[in-house]
Amino acid sequence: MKVAVLRFPGTNCEFDTQYAFEKLGHTTQLVWHEKETLPSDIDLVVVPGGFSYGDYLRSGSIARFSPVMKAVTSYANDGGKVLGICNGFQILTEAGLLPGALKRNNDLHFISKHQNLCVINNDNAFLNQCQKGEVLNIPIAHADGNYYIDDAGFKKLEENNQVLLRYSDSKGKPVVVNGSVTSIAGVCNENKNVFGLMPHPERALEAILGSVDGIRMLKGFDA
Amino acid sequence: MQAVVNVFLKEGVLDPQGKAAHHALDSLGFAGVSDVRIGKQIIIQLDTEDKTKAEAEVKEMCETLLANTVIEDYIIEID
C-alpha cells in the first residue's frame, strides 16, 4: 500500500505516521501543503497531527485552504480513503469532509494521556480488524477535541454507523474526557471513505511505549 | 471602511471559556451574572467606501473562513 502523509507548517506527527505505516510494510510519501496534486497510485491519504498554522483562528481553519486540500477533497469525493488524526481530524471537519466540529475541551486543559476507547462500528475500511465493543488503549493529546454535532446530525451519524469510537473505561462504558457529544472520539463520513479521530494510533505501536493497539487499527486499511 | 466582526459560539453550544469566567465571577462575589459568553473580535480594514458592498464581502469572509457556522454565529458592524 502507498500512503501519502500531508505536511503543513506546524504539523508534528508526520514522521510518527510514516514510521507507523512503514512498520506495517507500506511505502509512504510526505506531501507538502503547497502541492496541488497528490502522488499517483496512492491507496490512502493521512492528515497527521500537530498544530497547523499555530491553530490560529480555529484549529485546522487555515490549513483547510491549502492547495493540497483541494486535491484531497477531489480524491475523497472520488472515493479515495482519507484518515485524519487529531489536528488532521480538525482539518477534515473544517474542510467539510467530515460532519461536526471540534471545540475547546470542556475543562479548557490540554489533555495528554493514554485513554481507553470503545469500538462502536467496524463495518468500514478503517476499524475492520477490531471487534465491536472492543476496548483499545490509545494515547490522546489535544486541547480542541470536544466533538460537537447538532441533534439532527447526530441522529444521522447513529443511523448510518458513522460513530467509530467513544472514550470509555476499561469495560467499554463511555466516559467524559473532553465534553464530546456522547463521548465521541472518532467518526467517518456517510460514504465511509473519510475517517477522523482525536486519539493517536501511530503512537501505540510498541509495547515499551505502553500499547500496541494502534497496529490493529491502522492494519484495517490494508485488509 | 472598517468592519468589526464578533464571532461567538451558537446559543445552545456549551462555551467552556464563558462557563469558566462565569464561575470565576461568581467566586469573586459578582452577583446577578446569568450568563457569560466569550468570543473573538476580528477588525478588518476595507478599501471600499460602499457599505452594501462591504457588508456582502465581510459576510462572505465570515461564511468562508472567519466563523465555523457549525458551531459559531457572527455579527458584523461596519463604520
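In which sense, parallel or antiparallel, do strand 10 (residues 184-188) and strand 11 of chain A pair? They pair in the antiparallel sense, over three bridges, where pairing requires that DSSP finds at least two bridges between two strands. This is a predicted model, in which local features need pLDDT of at least 70 and side-chain atom pairs count only at pLDDT 80 or more, while totals for chains, interfaces and linings use all residues. Residues are numbered from 1 along each chain as its sequence is written, and chains are lettered from A and ligands numbered from 1 in the order in which they are written.

**Chain A overall**
- Chain A holds five helices and 11 strands, which are DSSP runs numbered from the N terminus (helices: H or I, at least four residues; strands: E, at least two).
- Of its 223 residues, 52% count as buried, meaning that 20 or more other C-beta atoms, placed from the backbone, lie within 10 Å of the residue's own.

**Strand 11 and its partners**
- Strand 11 (residues 194-197) of chain A is covered on both faces, with Val194(A) and Gly196(A) buried on one side and Phe195(A) and Leu197(A) buried on the other.
- Strand 4 (residues 82-85) of chain A runs parallel to strand 11 and is joined to it by four bridges, and Leu83(A) stands opposite Phe195(A).
- On strand 11, Leu197(A) stands opposite Gly186(A).
- The hairpin of strands 10 and 11 of chain A has five residues between the strands, and Lys192(A) takes a positive phi near 60° there.

Notes
A residue is buried if 20 or more other C-beta atoms lie within 10 Å of its own, exposed if 12 or fewer, and partly exposed in between; C-beta atoms are placed from the backbone.
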